[in-house]
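Below are some notes for a colleague who is opening this model for the first time.

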Amino acid sequence: MPVVYELGKTINTPYGPGVCVSTGSRTNAGTEVVPAQIKLRSWTLANNKNPTLYTHNNDWEVQVPDITVGCDVKTPYGRGRVVRLEDTVEDVYEESPVCAEVLLTEWRLAGGSRVRCYLSLKDLEWVERKKFGELSSVEKIETANEKREEAKIPLSKNDLEAAATLYNQACFYLQTIDNESLFNNEDRAALLECMVACKNNGAMCSVKLKRWKEANQMATEAVMLLDAMYKQRGKMIHKCLNKMGLDDETLFYTWRCKGLYYASQARAEMKDYENAVELLKTAMALSGSVPSLASWDAKIKKLCAACKARAEALKKREKKAAKKMFGGGGGKEKKEEKKKVASPARKAVPDSPMSPIPPRFEPKGELIPPPTEQIKEFGGEVKKVDEEKEKEKE
């Protein structure tokens, strides 16, 4: 069923301009079934709220936003985005004094180059920017590159939080792309180039923001992509990257060194010194073989030495803690401490009625046998002495 007005459009009503918040519906014959709802913006009610207009009229003028830099437009050659507007007096544009430079987003040339059109405003039609679910794979790559370019502005102002957010957004667009949806190697090469650059730059921002897990993950993924590309060197995607201006020194040395450095820096802060040192050894092998990476080579060696020192200090602390907990080792030291802290000798206490230790009783002479009655009380047997003497005589 056709709608009365499209959602989000600005409508010039007799009561002032408003925004369509509910499209409404009508039949093909033009009979309105559900009225459209327009939220008026130019005035408010007594309760300080904007009024809502319910209307069946679909003849009111719909405002078209002005064409500005960054907006999406429809051209005779396909959909694109305005990247520049300028006044010109050249003969080519005599019919329209304003020229718009439009970067097409729906297709490219055979070599993967972008297409730029220079058109007059009368040839352009403003269109709404596509939502995320409506973007094609190529448009997602273009959107990620735009986020990457936008991140340079806050990065130059040392606004690391904003830059990190833009790099994460760019990576999100790229990670939702299915490689099977890319029909040529130029697009696959553009995907790889943008992904590695955004991962490394995002890892750099995360390291400065002390987000160690995020930095380690992004830098490690960038290194993994480059390692996979190194195994596929000489093939079509590698050749496309070279055509884009990325030589092997940039791909397999500079970018890999950066990724390894950021990953090892993050792992060192997470006290994973062993793996950090292993990554730094690989980075030193790369940076030491390229003169242009001399500054990176010095930073890598410095970080490697610091990681080794931290690892040794950590081992010493762990050994010391283990000795305290389980008492292992340090026997001589403990004996010396016992000698130093010896208990004082006890003083002899003279025997007296008040002495805590009474004198030992030693009986003298023969013991007197217990009386017969007491033995009977405890269940003992009593024998007569005369019978025993008679037996001895016999």
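**Notes on spaces and helix packing**

1. Among the residues that line the largest cavity, the largest share comes from α1, which supplies 4 residues. The model is predicted, and the values below should be read with that in mind. The structure holds 1 cavity of 30 Å³ or more, and the space in the largest cavity is about 90 Å³.

2. Asp72, Arg79, Gly80, Arg81, Thr105, Arg129, Lys130, Leu135, Glu139, Glu142, Thr143 and Glu146 line the largest cavity. By class, the lining of the largest cavity is made up of 8 charged, 3 polar and 1 nonpolar residues.

3. Next, the pockets. The second largest pocket holds about 300 Å³ of space. It is lined by 14 residues, and Arg81, Val82, Val83, Glu146 and Glu150 are the closest to its centre. Arg81 and Glu146 are also among the residues that line the largest cavity. β9 (78-87) and α1 (137-150) each contribute at least two residues to the lining of the second largest pocket, and α1 gives the most, with 4 residues. Charged residues number 8 in this lining, beside 4 nonpolar and 2 polar ones.

4. The largest pocket has a volume of about 380 Å³. Of its 14 lining residues, those closest to the centre are Asn179, Arg188, Leu191, Leu192 and Leu225. At least two lining residues come from each of α3 (160-175), α4 (185-208) and α5 (212-231). α4 gives the most to this lining, with 4 residues. The classes here are 9 nonpolar, 3 polar and 2 charged.

5. How do α3 and α4 run relative to each other, roughly parallel or roughly antiparallel? Their axes come within 9 Å and cross at roughly 150°. An angle over 145 degrees counts as roughly antiparallel, and α3 and α4 are therefore roughly antiparallel to each other. Their crossing is left-handed.

6. On the α3 side, the contact with α4 is made by Leu160, Ala163, Ala164, Tyr167, Ala170, Cys171, Leu174 and Gln175. On the α4 side, Leu191, Cys194, Met195, Cys198, Lys199, Asn201, Gly202, Cys205 and Lys208 take part. By class, the contact of α3 with α4 has 12 nonpolar residues, along with 3 polar and 2 charged ones.

7. α4 also packs against α1, at an angle of about 30° and with the axes 10 Å apart. Angles under 35 degrees count as roughly parallel, so α1 is roughly parallel to α4. The crossing of α1 and α4 is left-handed.

8. From α1, the residues in this contact are Val138, Ile141, Ala144, Asn145 and Arg148. From α4, they are Asp187, Ala190, Leu191, Glu193, Cys194, Ala197 and Cys198. The contact of α1 with α4 divides into 8 nonpolar, 3 charged and 1 polar residues.

Technical notes:
Residues numbered from 1 in each chain as written. Predicted model: local features only at pLDDT ≥ 70, side-chain atom pairs only at ≥ 80, totals over all residues. Heavy atoms only, no water. 1 Å grid on protein atoms, 1.4 Å probe; cavity = no way out; pocket = protein on both sides within 12 Å on 5 of 7 lines; lining within 4 Å. Points joined across faces, edges and corners; volume = space filled by probe spheres on them. Nonpolar A, V, L, I, M, F, W, Y, C, P; charged D, E, K, R; others polar. Axes fitted to C-alpha atoms, helices over the stretch in contact; angles between N-to-C directions. Parallel < 35°, antiparallel > 145°, perpendicular 65-115°, else oblique. Left-handed = near helix turned anticlockwise from the far one by under 90°. Contact = heavy atoms within 4.5 Å.
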